[in-house]
Amino acid sequence: MADPAATAPSRPWRSLSLTRQIVLGLIVGVLAGWWLNAHYGGHEAGATPARQTWLEWLGLVRDIFLHLIKAMIAPLIFASVVQGFAGTGDMKKARRIGWKALLYFEVVTTLALAVGLFTVNLVRPGAGVVLPPDQATAGLARPLTLTETILHIFPSSVLDAMARNDVLQVVGFAVFFAMAVMAAGEAGRPVLAFFAGLTQVMFKFAGIIMKFAPFGVGAAIAATVADQGLGSLLTLGKLVLTLYFALVIFVVVVLGAVIWLARVPLKPFVRAVREPFTLAFATANSEAALPKAFENMERLGVPRGIVGFVLPAGYSFNLDGSTLHLAVASVFIAQAAEVTTGVHFGVGQQIMMMLALMLTSKGVAAVPRASFVVLVAALESFKLPVSGAFLILGVDALMDMARTSVNVLGNCLASVVVARWEGEFDDARAATFDPDERGRT
(Lines give C-alpha, C1' and ligand atoms only; values in the text may rest on other atoms or scores of the structure.)
Protein backbone atom coordinates (compact mmCIF):
# COMPACT_ATOMS: atom_id res chain seq x y z
CA MET A 1 0.00 0.00 0.00
CA ALA A 2 1.36 3.39 -0.98
CA ASP A 3 2.52 5.69 1.74
CA PRO A 4 0.04 8.63 1.95
CA ALA A 5 2.88 10.96 2.82
CA ALA A 6 4.76 9.91 -0.30
CA THR A 7 1.77 10.25 -2.63
CA ALA A 8 0.41 13.51 -1.20
CA PRO A 9 1.15 16.46 -3.46
CA SER A 10 3.75 18.83 -2.11
CA ARG A 11 2.66 22.32 -1.08
CA PRO A 12 4.81 24.62 -3.21
CA TRP A 13 5.82 28.12 -2.21
CA ARG A 14 3.46 29.71 -4.74
CA SER A 15 0.39 28.07 -3.20
CA LEU A 16 0.95 29.93 0.07
CA SER A 17 -1.01 33.14 0.64
CA LEU A 18 0.90 36.40 0.38
CA THR A 19 0.68 36.88 4.16
CA ARG A 20 2.33 33.51 4.82
CA GLN A 21 4.98 34.23 2.18
CA ILE A 22 5.81 37.57 3.81
CA VAL A 23 5.97 36.05 7.30
CA LEU A 24 8.21 33.27 6.01
CA GLY A 25 10.44 35.85 4.30
CA LEU A 26 10.56 37.79 7.57
CA ILE A 27 11.65 34.72 9.56
CA VAL A 28 14.28 33.70 7.00
CA GLY A 29 15.54 37.30 6.89
CA VAL A 30 15.97 37.46 10.68
CA LEU A 31 17.87 34.15 10.70
CA ALA A 32 20.06 35.21 7.77
CA GLY A 33 20.80 38.56 9.41
CA TRP A 34 21.66 36.89 12.71
CA TRP A 35 24.03 34.47 10.93
CA LEU A 36 25.75 37.30 9.05
CA ASN A 37 26.11 39.35 12.22
CA ALA A 38 27.56 36.37 14.10
CA HIS A 39 30.10 35.59 11.35
CA TYR A 40 31.09 39.05 10.12
CA GLY A 41 30.09 41.35 12.97
CA GLY A 42 27.78 44.36 12.95
CA HIS A 43 28.47 48.02 12.23
CA GLU A 44 31.11 48.06 14.95
CA ALA A 45 33.20 45.60 12.91
CA GLY A 46 33.84 48.18 10.20
CA ALA A 47 33.61 47.85 6.44
CA THR A 48 35.19 44.43 5.92
CA PRO A 49 34.97 43.24 2.27
CA ALA A 50 32.86 40.14 2.96
CA ARG A 51 30.45 42.02 5.22
CA GLN A 52 30.10 44.88 2.74
CA THR A 53 29.40 42.46 -0.12
CA TRP A 54 26.58 40.76 1.77
CA LEU A 55 25.06 44.08 2.84
CA GLU A 56 25.28 45.47 -0.69
CA TRP A 57 23.43 42.50 -2.20
CA LEU A 58 20.79 42.51 0.55
CA GLY A 59 20.42 46.26 0.07
CA LEU A 60 20.04 45.75 -3.68
CA VAL A 61 17.13 43.30 -3.27
CA ARG A 62 15.49 45.55 -0.67
CA ASP A 63 15.92 48.71 -2.73
CA ILE A 64 14.60 47.12 -5.96
CA PHE A 65 11.40 46.28 -4.12
CA LEU A 66 11.11 49.74 -2.55
CA HIS A 67 11.87 51.49 -5.86
CA LEU A 68 9.12 49.53 -7.61
CA ILE A 69 6.70 50.41 -4.81
CA LYS A 70 7.62 54.09 -4.95
CA ALA A 71 7.19 54.12 -8.73
CA MET A 72 3.47 53.36 -8.36
CA ILE A 73 2.67 55.65 -5.41
CA ALA A 74 2.04 58.94 -7.27
CA PRO A 75 -0.06 57.55 -10.18
CA LEU A 76 -2.04 55.30 -7.83
CA ILE A 77 -2.87 58.11 -5.41
CA PHE A 78 -3.61 60.64 -8.15
CA ALA A 79 -5.88 58.29 -10.10
CA SER A 80 -7.69 57.04 -6.96
CA VAL A 81 -8.39 60.50 -5.57
CA VAL A 82 -9.60 61.90 -8.91
CA GLN A 83 -11.73 58.86 -9.73
CA GLY A 84 -13.10 58.62 -6.18
CA PHE A 85 -13.94 62.29 -5.66
CA ALA A 86 -15.11 63.10 -9.18
CA GLY A 87 -17.05 59.84 -9.28
CA THR A 88 -19.29 61.08 -6.46
CA GLY A 89 -20.36 64.06 -8.59
CA ASP A 90 -21.04 65.89 -5.32
CA MET A 91 -18.79 68.78 -4.24
CA LYS A 92 -20.45 69.05 -0.84
CA LYS A 93 -19.82 65.40 -0.13
CA ALA A 94 -16.14 65.75 -1.05
CA ARG A 95 -15.74 68.66 1.38
CA ARG A 96 -17.62 66.74 4.08
CA ILE A 97 -15.30 63.72 3.77
CA GLY A 98 -12.30 66.06 4.02
CA TRP A 99 -13.26 67.78 7.26
CA LYS A 100 -14.41 64.55 8.90
CA ALA A 101 -11.10 62.90 8.11
CA LEU A 102 -9.06 65.84 9.43
CA LEU A 103 -11.13 66.03 12.63
CA TYR A 104 -10.63 62.31 13.23
CA PHE A 105 -6.88 62.62 12.56
CA GLU A 106 -6.47 65.42 15.11
CA VAL A 107 -8.37 63.61 17.87
CA VAL A 108 -6.55 60.30 17.45
CA THR A 109 -3.03 61.77 17.16
CA THR A 110 -3.69 63.82 20.31
CA LEU A 111 -4.66 60.61 22.11
CA ALA A 112 -1.45 58.99 20.79
CA LEU A 113 0.57 61.78 22.41
CA ALA A 114 -1.34 61.32 25.67
CA VAL A 115 -0.70 57.55 25.71
CA GLY A 116 3.01 58.10 25.00
CA LEU A 117 3.27 60.72 27.76
CA PHE A 118 1.50 58.50 30.30
CA THR A 119 3.57 55.41 29.50
CA VAL A 120 6.99 57.07 29.50
CA ASN A 121 6.26 58.69 32.88
CA LEU A 122 5.02 55.38 34.26
CA VAL A 123 8.02 53.29 33.14
CA ARG A 124 10.70 56.06 33.25
CA PRO A 125 13.11 54.39 30.78
CA GLY A 126 15.47 57.39 30.82
CA ALA A 127 16.18 57.29 34.54
CA GLY A 128 19.87 56.56 35.07
CA VAL A 129 20.85 56.75 31.38
CA VAL A 130 24.01 58.80 30.78
CA LEU A 131 23.87 60.95 27.66
CA PRO A 132 26.93 61.34 25.39
CA PRO A 133 28.37 64.83 24.76
CA ASP A 134 26.24 67.05 22.52
CA GLN A 135 26.75 66.59 18.81
CA ALA A 136 26.33 69.06 15.99
CA THR A 137 23.06 69.08 14.12
CA ALA A 138 24.21 71.10 11.13
CA GLY A 139 22.79 69.93 7.84
CA LEU A 140 19.55 68.57 9.27
CA ALA A 141 16.39 69.86 7.63
CA ARG A 142 14.12 71.69 10.03
CA PRO A 143 10.47 70.71 10.45
CA LEU A 144 7.88 72.83 8.69
CA THR A 145 5.97 75.47 10.61
CA LEU A 146 2.16 75.44 10.58
CA THR A 147 1.96 78.07 7.83
CA GLU A 148 4.63 76.27 5.78
CA THR A 149 2.75 72.99 6.14
CA ILE A 150 -0.44 74.62 4.82
CA LEU A 151 1.46 76.20 1.91
CA HIS A 152 3.13 72.86 1.20
CA ILE A 153 -0.26 71.33 0.32
CA PHE A 154 -0.38 73.42 -2.86
CA PRO A 155 2.35 72.37 -5.34
CA SER A 156 3.89 74.79 -7.81
CA SER A 157 4.44 71.82 -10.15
CA VAL A 158 2.49 68.59 -9.95
CA LEU A 159 5.17 66.81 -12.00
CA ASP A 160 7.79 67.82 -9.44
CA ALA A 161 5.52 66.63 -6.61
CA MET A 162 5.04 63.27 -8.34
CA ALA A 163 8.77 62.94 -9.02
CA ARG A 164 9.48 63.42 -5.30
CA ASN A 165 6.53 61.20 -4.27
CA ASP A 166 5.27 64.06 -2.13
CA VAL A 167 1.99 62.46 -1.06
CA LEU A 168 0.50 65.61 0.48
CA GLN A 169 1.04 67.70 -2.65
CA VAL A 170 -0.23 64.96 -4.97
CA VAL A 171 -3.42 64.68 -2.90
CA GLY A 172 -3.85 68.47 -2.82
CA PHE A 173 -3.58 68.79 -6.60
CA ALA A 174 -5.75 65.70 -7.20
CA VAL A 175 -8.59 67.11 -5.08
CA PHE A 176 -8.66 70.36 -7.09
CA PHE A 177 -8.35 68.43 -10.34
CA ALA A 178 -11.31 66.23 -9.32
CA MET A 179 -13.35 69.36 -8.61
CA ALA A 180 -12.54 70.61 -12.11
CA VAL A 181 -13.62 67.28 -13.61
CA MET A 182 -16.95 67.54 -11.78
CA ALA A 183 -17.41 71.16 -12.86
CA ALA A 184 -16.72 70.21 -16.51
CA GLY A 185 -19.85 68.06 -16.61
CA GLU A 186 -20.19 66.02 -19.80
CA ALA A 187 -16.72 67.06 -21.03
CA GLY A 188 -15.21 65.57 -17.89
CA ARG A 189 -16.70 62.09 -18.35
CA PRO A 190 -13.91 60.76 -20.63
CA VAL A 191 -11.33 62.07 -18.14
CA LEU A 192 -13.14 60.32 -15.29
CA ALA A 193 -13.29 57.07 -17.30
CA PHE A 194 -9.55 57.32 -17.98
CA PHE A 195 -8.70 57.66 -14.28
CA ALA A 196 -11.08 54.83 -13.38
CA GLY A 197 -9.19 52.60 -15.82
CA LEU A 198 -5.81 53.84 -14.58
CA THR A 199 -6.79 53.00 -11.00
CA GLN A 200 -7.58 49.41 -11.99
CA VAL A 201 -4.31 49.11 -13.93
CA MET A 202 -2.32 50.41 -10.96
CA PHE A 203 -3.96 47.83 -8.69
CA LYS A 204 -2.89 45.11 -11.14
CA PHE A 205 0.58 46.64 -11.21
CA ALA A 206 0.66 46.52 -7.41
CA GLY A 207 -0.37 42.85 -7.51
CA ILE A 208 2.59 42.05 -9.74
CA ILE A 209 5.05 43.91 -7.49
CA MET A 210 3.63 42.24 -4.36
CA LYS A 211 4.87 38.89 -5.66
CA PHE A 212 8.37 40.21 -4.95
CA ALA A 213 7.40 41.38 -1.43
CA PRO A 214 8.64 38.31 0.53
CA PHE A 215 12.11 38.71 -0.96
CA GLY A 216 12.19 42.48 -0.42
CA VAL A 217 10.96 42.04 3.16
CA GLY A 218 13.46 39.27 3.90
CA ALA A 219 16.37 41.31 2.52
CA ALA A 220 15.30 44.44 4.44
CA ILE A 221 15.10 42.71 7.82
CA ALA A 222 18.28 40.70 7.16
CA ALA A 223 20.25 43.87 6.42
CA THR A 224 18.94 45.50 9.61
CA VAL A 225 19.74 42.53 11.87
CA ALA A 226 23.12 41.96 10.20
CA ASP A 227 24.10 45.59 10.83
CA GLN A 228 22.50 46.21 14.24
CA GLY A 229 22.50 42.70 15.66
CA LEU A 230 19.87 41.17 17.93
CA GLY A 231 21.91 42.45 20.85
CA SER A 232 21.10 46.04 19.88
CA LEU A 233 17.99 45.61 22.00
CA LEU A 234 20.09 45.38 25.17
CA THR A 235 21.73 48.84 25.26
CA LEU A 236 18.50 50.81 25.11
CA GLY A 237 16.20 47.87 25.69
CA LYS A 238 14.04 49.65 28.23
CA LEU A 239 13.29 52.48 25.79
CA VAL A 240 12.44 50.05 22.97
CA LEU A 241 10.19 47.99 25.26
CA THR A 242 8.52 51.17 26.56
CA LEU A 243 7.68 52.24 23.01
CA TYR A 244 6.33 48.81 22.09
CA PHE A 245 4.32 48.72 25.33
CA ALA A 246 2.89 52.18 24.65
CA LEU A 247 1.98 51.23 21.08
CA VAL A 248 0.21 48.09 22.32
CA ILE A 249 -1.78 50.20 24.82
CA PHE A 250 -2.66 52.67 22.06
CA VAL A 251 -3.79 49.94 19.65
CA VAL A 252 -5.78 48.00 22.26
CA VAL A 253 -7.32 50.91 24.19
CA VAL A 254 -7.61 53.82 21.74
CA LEU A 255 -7.97 52.07 18.39
CA GLY A 256 -9.95 49.30 20.12
CA ALA A 257 -12.41 51.90 21.42
CA VAL A 258 -12.66 53.42 17.93
CA ILE A 259 -13.38 49.98 16.45
CA TRP A 260 -16.13 49.44 19.04
CA LEU A 261 -17.70 52.90 18.66
CA ALA A 262 -17.61 52.80 14.85
CA ARG A 263 -18.90 49.20 14.80
CA VAL A 264 -15.97 48.07 12.66
CA PRO A 265 -16.21 44.30 11.96
CA LEU A 266 -13.10 43.18 13.86
CA LYS A 267 -12.18 39.87 12.23
CA PRO A 268 -12.52 41.04 8.60
CA PHE A 269 -10.64 44.25 9.46
CA VAL A 270 -7.77 42.32 11.07
CA ARG A 271 -7.56 40.05 8.02
CA ALA A 272 -7.53 43.09 5.74
CA VAL A 273 -4.75 44.98 7.56
CA ARG A 274 -2.39 42.13 8.39
CA GLU A 275 -0.56 42.21 5.04
CA PRO A 276 -0.05 46.01 4.95
CA PHE A 277 0.89 45.91 8.65
CA THR A 278 3.47 43.15 8.10
CA LEU A 279 4.95 44.91 5.07
CA ALA A 280 5.26 48.18 7.00
CA PHE A 281 6.84 46.44 10.01
CA ALA A 282 9.41 44.48 8.01
CA THR A 283 10.46 47.33 5.69
CA ALA A 284 9.93 50.24 8.13
CA ASN A 285 8.46 51.99 5.10
CA SER A 286 4.85 53.20 4.92
CA GLU A 287 4.93 53.49 1.14
CA ALA A 288 5.63 49.76 0.81
CA ALA A 289 2.27 49.04 2.44
CA LEU A 290 0.19 51.71 0.70
CA PRO A 291 -0.83 49.83 -2.49
CA LYS A 292 -1.94 46.76 -0.53
CA ALA A 293 -3.76 48.96 2.00
CA PHE A 294 -5.59 50.69 -0.88
CA GLU A 295 -6.69 47.39 -2.37
CA ASN A 296 -7.69 45.68 0.87
CA MET A 297 -9.66 48.60 2.31
CA GLU A 298 -11.68 48.88 -0.88
CA ARG A 299 -12.30 45.13 -0.92
CA LEU A 300 -13.29 45.36 2.76
CA GLY A 301 -16.16 47.71 1.88
CA VAL A 302 -14.75 51.27 2.01
CA PRO A 303 -15.79 53.30 -1.08
CA ARG A 304 -12.92 54.18 -3.40
CA GLY A 305 -13.48 57.91 -3.00
CA ILE A 306 -12.97 57.67 0.76
CA VAL A 307 -9.99 55.31 0.52
CA GLY A 308 -8.42 57.53 -2.12
CA PHE A 309 -8.51 60.60 0.12
CA VAL A 310 -8.20 59.30 3.68
CA LEU A 311 -5.21 56.95 3.25
CA PRO A 312 -2.89 59.42 1.45
CA ALA A 313 -3.96 62.35 3.67
CA GLY A 314 -3.35 60.19 6.73
CA TYR A 315 0.28 59.76 5.68
CA SER A 316 0.77 63.44 6.53
CA PHE A 317 -1.81 64.11 9.25
CA ASN A 318 -2.48 60.78 11.01
CA LEU A 319 0.91 59.33 11.94
CA ASP A 320 -0.23 57.74 15.20
CA GLY A 321 2.85 55.59 15.72
CA SER A 322 5.33 58.36 14.87
CA THR A 323 3.50 60.86 17.09
CA LEU A 324 3.53 58.45 20.04
CA HIS A 325 7.22 57.73 19.43
CA LEU A 326 8.00 61.46 19.60
CA ALA A 327 6.31 61.69 23.00
CA VAL A 328 8.20 58.69 24.39
CA ALA A 329 11.58 59.67 22.93
CA SER A 330 11.48 63.33 23.99
CA VAL A 331 10.51 62.59 27.61
CA PHE A 332 13.05 59.73 27.71
CA ILE A 333 15.78 62.26 26.87
CA ALA A 334 14.40 64.72 29.45
CA GLN A 335 14.57 61.98 32.10
CA ALA A 336 18.14 61.07 31.11
CA ALA A 337 19.15 64.75 31.18
CA GLU A 338 18.26 64.94 34.88
CA VAL A 339 21.33 62.80 35.68
CA THR A 340 23.77 65.31 34.15
CA THR A 341 21.93 68.62 34.63
CA GLY A 342 20.01 67.94 37.83
CA VAL A 343 17.05 69.83 36.34
CA HIS A 344 13.66 68.12 36.55
CA PHE A 345 11.49 68.39 33.43
CA GLY A 346 8.05 68.57 35.01
CA VAL A 347 4.64 67.49 33.76
CA GLY A 348 3.71 71.06 32.84
CA GLN A 349 6.77 71.39 30.63
CA GLN A 350 6.07 67.98 29.12
CA ILE A 351 2.54 69.04 28.20
CA MET A 352 3.88 72.21 26.57
CA MET A 353 6.34 70.10 24.57
CA MET A 354 3.49 67.77 23.52
CA LEU A 355 1.52 70.77 22.25
CA ALA A 356 4.54 71.82 20.20
CA LEU A 357 4.97 68.28 18.86
CA MET A 358 1.26 68.21 17.97
CA LEU A 359 1.89 71.06 15.53
CA THR A 360 5.36 70.23 14.21
CA SER A 361 4.59 66.54 13.67
CA LYS A 362 1.97 67.47 11.05
CA GLY A 363 4.73 68.42 8.65
CA VAL A 364 6.91 65.35 9.12
CA ALA A 365 6.01 63.77 5.79
CA ALA A 366 7.82 66.54 3.93
CA VAL A 367 11.06 66.26 5.94
CA PRO A 368 13.88 63.72 5.40
CA ARG A 369 14.39 61.46 8.46
CA ALA A 370 11.15 62.97 9.66
CA SER A 371 10.76 61.79 13.27
CA PHE A 372 14.44 62.38 14.07
CA VAL A 373 14.34 65.93 12.68
CA VAL A 374 11.18 66.84 14.59
CA LEU A 375 12.64 65.32 17.77
CA VAL A 376 15.84 67.40 17.43
CA ALA A 377 13.76 70.55 16.88
CA ALA A 378 11.70 69.87 20.03
CA LEU A 379 14.82 69.22 22.13
CA GLU A 380 16.43 72.46 20.96
CA SER A 381 13.24 74.43 21.62
CA PHE A 382 13.03 73.19 25.22
CA LYS A 383 16.79 73.38 25.94
CA LEU A 384 17.25 69.62 26.24
CA PRO A 385 20.46 67.82 25.16
CA VAL A 386 20.36 67.08 21.44
CA SER A 387 22.87 64.27 22.02
CA GLY A 388 19.97 62.21 23.36
CA ALA A 389 18.49 62.04 19.85
CA PHE A 390 21.76 60.67 18.50
CA LEU A 391 21.86 58.09 21.31
CA ILE A 392 18.43 56.84 20.22
CA LEU A 393 19.63 56.41 16.64
CA GLY A 394 21.32 53.18 17.72
CA VAL A 395 17.94 51.46 18.11
CA ASP A 396 15.91 53.68 15.79
CA ALA A 397 15.57 50.91 13.20
CA LEU A 398 13.84 48.67 15.77
CA MET A 399 11.51 51.46 16.85
CA ASP A 400 10.86 52.58 13.28
CA MET A 401 9.40 49.18 12.37
CA ALA A 402 6.86 49.42 15.19
CA ARG A 403 5.82 53.02 14.71
CA THR A 404 5.52 52.67 10.92
CA SER A 405 3.29 49.61 11.15
CA VAL A 406 1.02 51.40 13.66
CA ASN A 407 0.88 54.40 11.29
CA VAL A 408 -0.44 52.09 8.57
CA LEU A 409 -2.89 50.38 10.94
CA GLY A 410 -4.24 53.74 12.12
CA ASN A 411 -4.74 55.03 8.58
CA CYS A 412 -6.54 51.87 7.47
CA LEU A 413 -8.88 52.21 10.44
CA ALA A 414 -9.41 55.90 9.67
CA SER A 415 -10.72 55.04 6.20
CA VAL A 416 -13.23 52.61 7.69
CA VAL A 417 -14.33 55.12 10.35
CA VAL A 418 -14.92 57.91 7.82
CA ALA A 419 -16.84 55.48 5.58
CA ARG A 420 -19.01 54.46 8.55
CA TRP A 421 -19.46 58.13 9.50
CA GLU A 422 -20.68 58.81 5.97
CA GLY A 423 -23.01 55.80 6.16
CA GLU A 424 -21.27 54.19 3.19
CA PHE A 425 -19.36 51.29 4.70
CA ASP A 426 -20.43 48.04 3.04
CA ASP A 427 -20.93 45.48 5.82
CA ALA A 428 -21.94 42.80 3.34
CA ARG A 429 -18.58 43.08 1.53
CA ALA A 430 -16.74 43.05 4.86
CA ALA A 431 -18.52 39.86 5.89
CA THR A 432 -17.33 38.05 2.75
CA PHE A 433 -13.80 39.54 2.69
CA ASP A 434 -11.20 36.92 1.77
CA PRO A 435 -7.59 38.08 2.27
CA ASP A 436 -6.26 35.27 0.07
CA GLU A 437 -8.59 35.96 -2.86
CA ARG A 438 -5.84 37.87 -4.69
CA GLY A 439 -2.93 36.63 -2.64
CA ARG A 440 -2.52 33.46 -4.70
CA THR A 441 -1.12 33.05 -8.16
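What follows is a talk about the labels used for this predicted model.

Modeller: This is a predicted model, where local features need pLDDT of at least 70, side-chain atom pairs count only at pLDDT 80 or more, and totals for chains, interfaces and linings use all residues. Residues are numbered from 1 along each chain as its sequence is written, and side-chain values use heavy atoms, with hydrogens and water left out.

Biologist: How many helices and strands does the protein chain have?

Modeller: The protein chain has 20 helices and zero strands. Both are DSSP runs numbered from the N terminus: helices are H or I with at least four residues, strands are E with at least two.

Biologist: What share of the protein chain is buried?

Modeller: Of the 441 residues, 53% are buried. Buried means under 20% relative accessible area, exposed means over 50%, and partly exposed lies in between (1.4 Å probe, protein chains only).

Biologist: What share of the contacts joins residues at least 24 apart?

Modeller: The share is 85%, among contacts between residues at least 6 apart in sequence. A contact means heavy atoms within 4.5 Å.

Biologist: Now the rings. Why is the pair of Phe65 and Phe212 called tilted?

Modeller: A search of the whole structure finds twelve aromatic pairs. In this one the ring centres are 6.3 Å apart and the planes stand at 50 degrees, so the pair is tilted. Rings of Phe, Tyr and Trp (its six-membered ring) pair if their centres lie within 6.5 Å; planes under 30 degrees apart count as stacked, over 60 as edge-to-face and the rest as tilted. The pair links distant parts of the chain, with Phe65 in helix α3 and Phe212 in the loop between α8 and α9, 147 residues apart.

Biologist: Why is the pair of Phe78 and Phe195 called edge-to-face?

Modeller: The planes of Phe78 and Phe195 stand at 75 degrees, with centres 5.4 Å apart, so the pair is edge-to-face. Phe78 in helix α3 and Phe195 in helix α8 are 117 residues apart. Phe78 is buried at 9%, and Phe195 is buried at 7%. Ring pairs link Phe78, Phe173, Phe177, Phe194 and Phe195 into a cluster.

Biologist: Next, charges. How do you know that Asp63 and Arg62 meet in a salt bridge?

Modeller: A salt bridge is a side-chain nitrogen of Lys or Arg within 4 Å of a carboxyl oxygen of Asp or Glu. The N to O distance for Asp63 and Arg62 is 3.1 Å, so the pair qualifies. Asp63 is partly exposed at 30%, and Arg62 is partly exposed at 26%. The search of the whole structure finds ten salt bridges.

Biologist: What makes Lys292 and Glu275 a salt bridge, and are they buried or exposed?

Modeller: Their N to O distance is 3.5 Å, so the pair is within the 4 Å limit. Lys292 lies in helix α13 and Glu275 in helix α12, so the pair ties together parts that are 17 residues apart in sequence. Lys292 counts as buried at 3%. Glu275 counts as buried at 1%.

Biologist: Which residues join Lys292 and Glu275 in one network?

Modeller: Glu295 and Arg299 meet in a salt bridge at 3.8 Å, N to O. Both lie in helix α13, four residues apart, about one turn of the helix. Salt bridges that share partners join Glu275, Lys292, Glu295 and Arg299 into one network.
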